[in-house]
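Here are a few exercises to work through with the viewer open. Try each task yourself before reading its solution.

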Amino acid sequence: MIKKGDDKAMIDGDAEILFNHQVNHDTWLLGLKRSEPAVTMKPGQFVMIRVRSGMDPLLRRPFSVCAVEKDHFKVLYRRVGKGTEIMTQAKPGENFQVLGPLGEGFVLPEEERLPVLVGGGIGVAPLFFLARLLYRRNLEFMMGFRSAGDIIPFDELRLPNHRWSVSTDDGTAGHAGFVTDLLLLYLDKNRGLPLSLFACGPRPMLKKTAETAITYGIPCQVSLESAMACGFGVCQGCAVKTAPQESSAYHYVCRNGPVFPAEAIDWEAL
Amino acid sequence: MFFPTPDLTTLLGPLELKNPVITASGTFGYGLEYEPLVNLKALGAIVVKGLSLKPISGNPPPRIVETACGMLNAIGLANIGLEAFLKDKLPRLREIDTRVIANIYGHHIEEYGELAKALKGVEGVHALEVNVSCPNVERGGMAFGIDPVIAARVTETVVRNTDKPVIVKLSPNVTDITLVAKAVEGAGADIISLINTITGMAVDIESRTPKLGNIFGGLSGPAIKPVALRMVYQVARAVKIPLIGMGGIMDYRDALEFLIVGAQAVEIGTANFVKPGASQSVVEGLSKYCVDHGVKRIGEIVGSLK
Ligand SMILES: Cc1cc2nc3c(=O)[nH]c(=O)nc-3n(C[C@H](O)[C@H](O)[C@H](O)COP(=O)(O)OP(=O)(O)OC[C@H]3O[C@@H](n4cnc5c(N)ncnc54)[C@H](O)[C@@H]3O)c2cc1C
Ligand SMILES: Cc1cc2nc3c(=O)[nH]c(=O)nc-3n(C[C@H](O)[C@H](O)[C@H](O)COP(=O)(O)O)c2cc1C
Ligand code: FES
């Protein structure tokens with residue numbers, strides 16, 4: 001079922017930067033303080049950040065919420081272009097204009113199903129938040145990175161009953177190969193176990209995960225990315241093609257998502 | 001200290017607004033989406049997303065790409081269709097104390113007439129804004145607004161079928177915009193708004209493919225402001241009917257430039273994405289400017305270019 005974002009909770013305002021530190025060669029962790037309680041944010045939801053005032057870059061950048069504390073929330077971001085480069089320069093005490101929380105987050109897994117989180121690269125960000133929320137439960141968290149140096153060193157976040165495994169494309173750490181290989185190995189070893197999949201990462205990885213989940217008949221939620229102008233359902237710029245059985249030709253990543261049931265998306269068109 | 005409140009009331013021919021600040025079509029949804037972020041009552045008017053007779057699902061993605069100080073969009077005029085607008089959106093919009101302008105577009109001239117007819121007498125819709133920048137199916141997809149003769153026929157068709165003020169929104173993708181402006185004035189338009197987006201494209205150098213699914217898109221944002229301003233200046237000298245200027249307005253200073261060259265009102269577009277409160281800030285900024293400069297009525301600024 002595709003829902004609409006709850007825009008009652010959406011707020012636009014200045015958020016003070018509490019910290020902005022580098023965690024590996026191209027990834028930073030940003031702490032943002034807001035006047036209103038951050039606790040209304042749900043895993044899978046995102047915010048639109050204006051990286052600086054002025055006209056270039058013009059549009060805000062979407063980022064998942066990676067963690068929520070009492071008075072602030074965290075964003076884990078990768079430096080990939082102009083906007084994220086500017087973000088790395090921001091100092092504690094300065095402000096970002098932040099719009100959010102936005103979108104539909106993950107639907108929490110049923111009690112009898114073991115959550116399996118599959119993250120590719122910076123796609124692990126919203127999954128950290130989800131894992132934290134499921135701290136009481138056993139879960140599997142699989143993360144794929146290109147190389148050992150890309151691993152996000154958050155070992156201190158690991159909870160005793162959460163099993164983490166890592167893959168690298170070049171084999172420099174963990175399993176050599178893709179994170180979807182880890183997933184397939186796991187599924188083959190654990191046939192018949194009731195599972196619930198949660199995935200975020202590059203589109204080819206999501207596609208493979210979604211197709212695997214559909215083949216194995218496992219419920220699967222994926223968090224998608226798309227270029228965005230508004231972030232709350234106005235510009236209609238973030239369209240993704242829907243699977244044929246859906247009632248509309250396109251879903252909007254910002255409002256109907258970013259989290260979708262795997263079977264709602266037309267993976268061939270993506 | 002005593003601060004007189006300046007009079008921002010704006011008269012656009014038959015259409016009266018409480019102030020000259022309007023939100024542009026396609027950048028403000030159906031208005032209601034902005035309720036948590038903007039005091040809608042503070043606005044002169046809201047122009048809703050371009051409406052067609054039937055719902056339209058739009059172009060294949062990617063639909064937007066950021067460019068220097070602007071963005072390209074190829075949304076494909078996706079909208080819920082007139083019927084759903086009347087049923088699901090308008091009743092709530094009616095409760096808001098502002099003017100609502102329906103932006104309409106057709107795939108052929110008759111569709112414009114049908115839309116105008118369907119909106120005739122509809123309470124809560126205070127004017128029609130006619131988008132002539134969309135592809136004319138009968139002319140191989142060439143935009144209606146490129147040809148003065150066809151733009152005039154669209155205008156005439158709408159005027160004949162409506163009881164509401166008619167705004168014709170011009171395309172900037174022409175050699176001489178004054179020719180189209182005069183043609184639609186002659187065909188009975190009450191007001192002209194300009195400019196719509198400027199056609200452009202962007203290329204991904206790694207894949208060597210267009211960055212937009214539709215190849216071409218419409219450029220908007222600060223990058224187009226100088227072009228928009230020049231066109232408003234030209235049209236203000238070519239026609240007698242009131243003008244609504246737009247293109248890259250980010251704050252009240254930009255808005256003032258449009259008023260000074262001869263627009264009676266302005267529309268705020270892309271800025272609504274960057275700063276959701278932009279439209280309301282422009283109203284506040286204009287008011288403050290008037291106070292600071294001893295301007296009693298906003299109309300004193302219109303066309304005041306020296
Ligand atoms: C819902 C959502 C959640 C996201 N969460 C995170 C996160 O937690 N951490 C993180 O590092 N990144 C995240 N991203 C991706 C992030 O938005 C982009 O990496 C960022 O916008 C790049 O900006 P830039 O100026 O550095 O890059 P540029 O390439 O210079 O950006 C140019 C334009 O393309 C857009 N763009 C580029 N890459 C992406 C992308 N992958 N997705 C969407 N728009 C893009 C930019 O927003 C900008 O408008 C998320 C994207 C979405 C849609
Ligand atoms: C995403 C997007 C969608 C738009 N949709 C419409 C539309 O449906 N009808 C229309 O007449 N103009 C549409 N426009 C054009 C704007 O109303 C406006 O004319 C243009 O963007 C220039 O103003 P700006 O630079 O302030 O955005 C759209 C613009 C954008 C950016
Ligand atoms: S980003 Fe504007 S509709 Fe999704």
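**Exercise 1.** Which strands of chain A does helix H4 (residues 203-216) lie across, and at about what angle does the helix run to E13(A)?

Solution. A caution to begin with: this is a predicted model.
- Step 1: Find H4 of chain A, and you'll see that the helix lies across E8, E9, E12 and E13 of chain A.
- Step 2: Compare directions; H4(A) runs at about 170° to E13(A).
- Step 3: Now look at H2(A), which lies across E8, E9, strand E10 (162-168), strand E12 (195-200) and strand E13 (220-223) of chain A. H2(A) runs at about 155° to E8(A).

**Exercise 2.** Work out the strand order of the open sheet of seven strands in chain A, and find which strands stand at the edges.

Solution. 
- Step 1: Walk across the sheet, and the order reads E11-E10-E9-E8-E12-E13-E16, with mixed pairing.
- Step 2: Strand E11 (175-176) and strand E16 (259-261) of chain A each have a single partner strand, so one side of each has no neighbour in the sheet. Those two are the edges.
- Step 3: Zoom in on one pair: strand E8 (residues 114-120) and strand E9 (residues 139-145) of chain A run parallel and are joined by five bridges. Within this region, Gly119(A) stands opposite Met143(A) in E9(A).

**Exercise 3.** Describe the contact between domain 1 and domain 2 of chain A.

Solution. 
- Step 1: Domain 1 puts 22 residues into the contact, and domain 2 puts in 20 residues.
- Step 2: On the domain 1 side, the elements giving two or more residues include strand E1 (11-24) and strand E6 (72-78) of chain A. E6(A) gives the most, with three residues.
- Step 3: By class, that side has 14 nonpolar, five polar and three charged residues.

**Exercise 4.** Leu77(B) and Arg208(B) both have a positive phi without being glycine. Which is buried and which is exposed?

Solution. 
- Step 1: Phi is about 55° for Leu77(B), and near 55° for Arg208(B).
- Step 2: Leu77(B) sits in the loop between strand E6 (70-73) and helix H1 (82-94) of chain B, while Arg208(B) is in the loop between strand E12 (203-204) and strand E13 (209-210) of chain B.
- Step 3: Count C-beta neighbours. Leu77(B) has 22 inside 10 Å, so Leu77(B) counts as buried. Arg208(B) has 7 other C-beta atoms within 10 Å, so Arg208(B) is exposed.

How values were computed. Residues numbered from 1 in each chain as written. Chains lettered and ligands numbered in written order. Predicted model: local features only at pLDDT ≥ 70, side-chain atom pairs only at ≥ 80, totals over all residues. Helix = DSSP H or I, 4+ residues; strand = E, 2+ residues; numbered from the N terminus. Buried ≥ 20, exposed ≤ 12 C-beta atoms within 10 Å, placed from the backbone. Pairing = 2+ DSSP bridges. Contact = placed C-beta atoms within 7 Å. Axes fitted to C-alpha atoms, helices over the stretch in contact; angles between N-to-C directions. Nonpolar A, V, L, I, M, F, W, Y, C, P; charged D, E, K, R; others polar.
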